[in-house]
Amino acid sequence: MNDSLTQVLINYGPFIFLFAAGWFFGSRYERQHLAQLTVAEQALGDITVSSERFYRPELAVGSEGALVLGSVVIAQDYFKMIIARVLSLFGKNLTTYETLLDRARREAIVRMRTQAKAKGYTHIYGVRLEVTNINQLGSMVEAIAYGTAVISTDHTPIVSATHTSPARVPSALPSIS
């Protein structure tokens with residue numbers, strides 16, 4: 001009995017150790033990335049982001065619109081992919097891919113807002129997000145966020161309760177009575 005346990009530990013011990021180490025460090029990096037995104041989103045809170053397509057904010061004199069975009073490719077670690085494969089056999093919710101997509105979208109928006117801030121813009125409207133798989137395994141995704149950046153005079157950001165970027169409700173929209 002003791003000899004067979006030793007044999008199992010010798011055969012599967014390195015795999016179990018590497019799996020646990022990969023899971024630990026991958027989860028740690030993911031938590032750090034999410035924390036960095038939260039800090040960056042707060043630092044860029046003065047850039048108003050709106051997904052409204054036809055809304056046009058009050059522009060400052062001489063302000064012209066410009067395309068700003070943020071792009072990122074993020075890979076999932078193989079240890080979480082293994083867990084996702086097992087969960088998909090049972091039809092479970094694949095939360096490991098949800099966090100991957102959340103990180104990619106948030107990072108793309110942060111990069112777009114950073115580009116707008118570097119050029120002196122205060123408002124981005126008509127924002128669109130595109131996310132696509134890079135490989136067939138679904139372990140890498142590319143997220144692109146783009147929109148029209150302008151210098152606005154009605155710049156009053158309202159921070160939403162979600163993890164997404166701050167939202168602004170325009171006062172120029174007709175009221176519903």
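Visitor: Is Glu52 buried, partly exposed or exposed?
Guide: This is a predicted model. In the model, Glu52 counts as partly exposed, because its relative accessibility is 24% and the buried class takes values under 20%.

Visitor: Where is Glu52 found?
Guide: Glu52 sits in the loop between β1 and β2.

Visitor: Which residues is Ser51 in contact with, leaving aside its neighbours within four places?
Guide: Gly126, Val127 and Arg128. As for Gly147, its C-alpha atom is 8.2 Å from that of Ser51, at a separation of 96 residues along the chain.

Visitor: What share of contacts in the whole protein is between residues 24 or more positions apart?
Guide: 80%, counting contacts with a separation of 6 or more.

Visitor: Change of topic. What does the secondary structure come to?
Guide: Three helices and four strands. From the N terminus on, the order is α-β-β-α-α-β-β.

Visitor: What does UniProt list for residues 6–26?
Guide: The unreviewed entry gives them as a "transmembrane region". In the model that stretch is 100% helix and 0% strand, and its end C-alpha atoms lie 29 Å apart.

Visitor: Which residues make the nonpolar surface patch?
Guide: Val8, Tyr12, Phe15 and Ile16 make a patch of about 450 Å². Tyr12 belongs to helix α1, which covers residues 2–43.

Visitor: How many aromatic pairs does a search of the whole structure find?
Guide: One. Phe24 and Phe25 form that pair, with 5.0 Å centre to centre and 75° between the planes. The pair is classed as edge-to-face because the angle is 75° and that class takes planes over 60 degrees apart.

Visitor: Last one: what percentage of the protein's residues is buried?
Guide: Of the 177 residues, 34% are buried. The protein exposes about 11,200 Å², and carbon and sulfur atoms supply 63% of that area.

Terms used: Residues are numbered from 1 along each chain as its sequence is written. This is a predicted model: local features need pLDDT of at least 70, side-chain atom pairs count only at pLDDT 80 or more; totals for chains, interfaces and linings use all residues. Side-chain values use heavy atoms; hydrogens and water are left out. UniProt positions are given in the numbering used here, feature names are shortened, and annotations may be inferred rather than shown by experiment. Helices (H or I, at least four residues) and strands (E, at least two) are DSSP runs, numbered from the N terminus. Patches are made of residues with over 30% relative accessible area and no salt bridge: like charges are joined within 9 Å, nonpolar side chains (Val, Leu, Ile, Met, Phe, Trp, Tyr) within 5 Å. Accessible areas come from the Shrake-Rupley method with a 1.4 Å probe; for residues, only the protein chains shown count as cover. A salt bridge is a side-chain nitrogen of Lys or Arg within 4 Å of a carboxyl oxygen of Asp or Glu. Contact means heavy atoms within 4.5 Å. Rings of Phe, Tyr and Trp (its six-membered ring) pair if their centres lie within 6.5 Å; planes under 30 degrees apart count as stacked, over 60 as edge-to-face and the rest as tilted. Buried means under 20% relative accessible area, exposed over 50%, partly exposed in between (1.4 Å probe, protein chains only).
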